[in-house]
Amino acid sequence: MFRLWVKEWKNNHMLCDTTICDGSADTRTHKVFRALETACYELDLGKPIWLDSNVEEFRRHAKARFYQDSFMEEIPFDYLEIQIIEED
């Protein structure tokens, strides 16, 4: 089972979070993109743009933070954090 934890942070406090599970046989990349899209729909957010810094951080730590510069619209929090908490 693949699980991605998505959290909104403001002033070092977690505002809300969701966990997306995916049991498909798809690639890790497809699972991450699909889970992020599902989480953004649940949290009523636009999908963030993956910048080079996000990609590099995600490759190293299986975790990435999306700040205002990754979103097209204003966000009411400091950053959106995604983290893989389980991989098959």
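**Exercise 1. Which pattern of helices and strands does the protein chain follow when read along the sequence?**

*Solution.* Start by assigning the elements: helices (H or I, at least four residues) and strands (E, at least two) are DSSP runs, numbered from the N terminus. The protein chain then has 2 helices and 4 strands. Reading along the sequence gives β-β-α-α-β-β.

Before going on, note the ground rules. This is a predicted model, where local features need pLDDT of at least 70, side-chain atom pairs count only at pLDDT 80 or more, and totals for chains, interfaces and linings use all residues. Residues are numbered from 1 along each chain as its sequence is written, and side-chain values use heavy atoms, with hydrogens and water left out.

**Exercise 2. What radius of gyration does the protein chain have, and what would a compact globule have?**

*Solution.* Take the radius over C-alpha atoms and apply the globule rule, 2.2 Å times the number of residues to the power 0.38. With 88 residues, the rule gives a value near 12 Å; the protein chain has 12 Å, so the two agree. For the extents, the C-alpha trace spans about 35 × 25 × 20 Å along its principal axes.

Accessible areas come from the Shrake-Rupley method with a 1.4 Å probe, and for residues only the protein chains shown count as cover. The protein chain exposes about 5500 Å², and carbon and sulfur atoms supply 50% of that area. Buried residues (under 20% relative accessible area; exposed is over 50%, partly exposed in between, with a 1.4 Å probe and protein chains only) make up 36% of the 88 residues.

Finally, count contacts, meaning heavy atoms within 4.5 Å. Among those between residues at least 6 apart in sequence, 47% join residues at least 24 apart.

**Exercise 3. Find where Asn11 and Ala62 sit, and say whether each is buried or exposed.**

*Solution.* Asn11 first: its place is the loop between β1 (2-10) and β2 (13-22). Its phi is near 50°, a positive value in a residue other than glycine. Asn11 has a relative accessible area of 55%, so it is exposed.

Now Ala62, which is found in the loop between α2 (52-61) and β3 (63-66). Phi of Ala62 is near 55°, again positive in a residue other than glycine. At 16% relative accessibility, Ala62 counts as buried.

**Exercise 4. Is Glu81 buried or exposed, and what does it touch?**

*Solution.* Locate Glu81 in strand β4 (residues 79-86). With 2% relative accessibility, this glutamate counts as buried. Leaving out residues up to four places away, Glu81 touches Trp5, Val6, Lys7, Trp9, Lys63, Ala64 and Arg65. Glu81 and Phe66 are 15 residues apart in sequence and 6.3 Å apart, C-alpha to C-alpha.

Now bring in Met14, found in strand β2. Met14 is partly exposed, at a relative accessible area of 38%. Its contacts outside four places are Trp5, Lys7, Glu8 and Trp9. Met14 and Glu81 are 67 residues apart in sequence and 9.9 Å apart in space, C-alpha to C-alpha.
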